[in-house]
Structures are given as C-alpha cells and as structure tokens.
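Thank you for making time this morning. I would like to walk you through one structure, beginning with the chain as a whole and ending with a single helix.

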Amino acid sequence: MNVVETVAEMEAERGRLEGRVGLVPTMGALHEGHLSLVRAARAECDHVVVSVFVNPTQFGPKEDFAAYPRDLDRDLRLLEAEGVDVVFAPPPEEVYPPGFDEWVEVSGPLTERLEGEFRPGHLRGVTTVVARLFRIVRPQRAYFGEKDAQQLRVVRRMAEEQRLPVEVIGLPTVREPDGLAMSSRNAYLSPEERQAALVLPRALALARRMVEAEGVRDAAAVRRAVEELLRGEPRARIDYVSVSDSETLEELTEIDSASGGLLLLAVRIGGTRLIDNAMLTPRSR
Ligand code: AMP
C-alpha cells in the first residue's frame with residue numbers, strides 16, 4: 001500500500017494504475033461504515049484509492065474542525081488489511097494552495113434545505129473537495145454512504161454538472177448492534193449521551209412502523225410523531241425532521257405508495273450533532 005501526501009505524487013500513482021479505479025473519500029477516524037465502502041470498491045474495481053482528509057472548508061467557523069478525531073496510523077493499518085492500493089492523505093495546503101478560488105457548488109433545492117440550511121457552506125465545501133479529488137484520482141467509481149443522504153445526492157449531481165466521468169455509488173448505513181449509525185463523531189458522546197443517542201434509531205423505527213405497518217401516508221403525521229418522540233429525550237435538540245422525496249429531497253405532504261419517502265433527522269445530543277435517515281416504503285397492497 002502506497003501512502004502519498006502531495007497532489008503530484010497522487011497523480012503519479014494514478015498514472016501507474018490500469019483498469020478500473022475505485023475511490024473512497026473519507027475524513028479518517030475510520031469505522032466499519034467506511035470499511036464497507038472500501039470492501040465494495042475492492043470487490044468491484046481493479047484498484048482502490050482511499051483519501052483521508054479532514055476537509056476544513058466543509059466545517060463552519062463554530063464547528064468541530066480542530067477537535068475532529070484524527071488517527072492516521074490506525075487508519076493506515078485498517079486500510080492495509082483491506083488490500084487498499086493507495087492512500088492519499090494530504091495536508092490542507094496541498095488541497096487548498098494559497099489563493100485557492102476554485103469553488104464547485106451545486107445550486108438549487110437539493111442544497112438549500114436540510115444540511116444546506118443548518119450548516120451554511122458545508123455542502124459547497126464537500127462538492128469542492130470531492131470535485132478536486134475526482135480530478136486528481138480520476139476514478140471510474142466513487143463510493144459514498146447513504147448515511148449522508150443529502151451529500152450523496154449532491155455529489156452525484158455535482159459529477160453530472162461538472163461532466164466528470166465517474167459513477168457515484170451509494171451504500172447502506174452500517175450500524176452498531178443497538179441501531180446507532182456508525183459515525184466518527186460518536187466518539188464525542190459520553191456514556192449517558194451514547195444512551196440518549198438511541199433516540200435516533202428509535203425515531204426511524206417509529207416512522208417505518210407507521211408507514212410500513214400502519215399504512216400512514218400523511219407526511220406531517222409522521223413528522224409530528226417523530227418530533228414528539230425526539231422531544232421525549234431530554235438531551236436531544238432537533239435541528240430538523242424531514243420527510244422528503246428520496247431523489248429531489250423536497251418536502252412531501254403525502255408519502256406516495258410507489259416512490260415512498262426519505263425520513264431525514266439531524267439532532268444534537270449535548271454538543272454532538274448526529275444525522276441519520278431511513279427510507280419509508282409503503283407496503284404494496
Ligand atoms: P466521513 O469520514 O464521515 O466523511 O465519511 C466518509 C464516507 O463514509 C462518506 O461517504 C460517508 O457517508 C460514509 N459513511 C460514514 N458513516 C457511515 C456508515 N455508518 N455507514 C456507511 N457509510 C458511512
């Protein structure tokens with residue numbers, strides 16, 4: 001496994017790779033969620049490149065960029081064991097040289113709501129860094145988690161708009177045995193907060209039960225029930241609860257029996273902001 005830090009070295013490594021290249025972009029502090037993406041890339045591509053880069057431009061000024069967990073040695077051991085070919089772990093100034101001004105942004109409804117509303121600039125930071133990675137690594141396929149549902153859709157749109165010849169692949173959320181979605185940020189949770197965070201998977205389960213077992217189609221009724229459950233957890237503060245069209249991410253009034261709906265949650269537990277989502281699929285009659 002080759003570990004490179006500069007854009008020039010990464011481009012040289014890329015030049016030596018023949019066949020299909022799969023890219024898995026990460027911010028490190030790797031867990032089984034990340035590794036599931038790496039394994040899919042390994043299975044489907046001739047070569048796997050993983051980037052480990054805590055991207056400063058996707059953090060707001062009051063967010064956790066400085067505190068974000070970093071452990072490159074551990075990450076490299078995990079990636080080596082997965083048979084990764086190249087790890088690209090650049091310092092910030094490699095990705096953003098002085099005077100950098102090549103922002104890549106998706107505009108419109110896909111980026112205005114949800115994370116776009118609560119984390120101004122976040123999605124622009126994501127699309128900018130991912131576009132830069134796509135241009136440097138030139139992967140045929142790139143792997144992202146459904147855990148970050150809006151990010152996945154925005155990256156897909158960005159690749160289309162920028163005419164980047166890459167297939168953007170979304171894979172299911174990997175969860176802890178008790179249902180909490182794996183996230184590098186779970187490391188911030190105290191034992192009490194870790195317990196309180198279970199209100200997120202419980203909220204997803206409640207909504208699925210309403211739509212899938214009880215036949216509820218009224219999106220507002222689902223949102224109300226989910227909000228009520230979340231408010232019952234004293235450590236939880238809601239950023240948003242949304243039942244959206246799973247492609248456009250526009251808010252739904254009615255959950256269509258053919259296309260279903262996507263429930264998206266952003267909830268702060270103490271100082272830790274967690275997101276999660278689930279497809280709500282009405283059972284066919
Ligand atoms: P991050 O390091 O948090 O930027 O995540 C890197 C990639 O891993 C993104 O595509 C995430 O959506 C994905 N990811 C993060 N958590 C999970 C999870 N629990 N299951 C599957 N994919 C995940």
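With 285 residues, a compact globule would have a radius of gyration near 19 Å, and the protein chain agrees, since its own value is 19 Å; the radius is taken over C-alpha atoms, and the globule rule is 2.2 Å times the number of residues to the power 0.38. This is a predicted model, in which local features need pLDDT of at least 70 and side-chain atom pairs count only at pLDDT 80 or more, while totals for chains, interfaces and linings use all residues. Residues are numbered from 1 along each chain as its sequence is written, and side-chain values use heavy atoms, with hydrogens and water left out.

Along its principal axes, the C-alpha trace of the protein chain spans about 55 × 40 × 40 Å. Of the 285 residues, 54% count as buried, meaning under 20% relative accessible area with a 1.4 Å probe, protein chains only.

The protein chain holds 11 helices and nine strands, which are DSSP runs numbered from the N terminus (helices H or I, at least four residues; strands E, at least two).

Let me turn to one helix. Helix H7, residues 122-137, has 16 residues and reaches 22 Å from its first C-alpha to its last, close to the 22 Å expected, where the expected span is 1.5 Å times one less than the number of residues. Because 13 of its 16 residues are buried, H7 is largely enclosed by the rest of the structure. Just after H7, Arg138 takes a positive phi of about 45°.

Conventions
Buried < 20%, exposed > 50% of the residue type's maximum accessible area, 1.4 Å probe, protein only.
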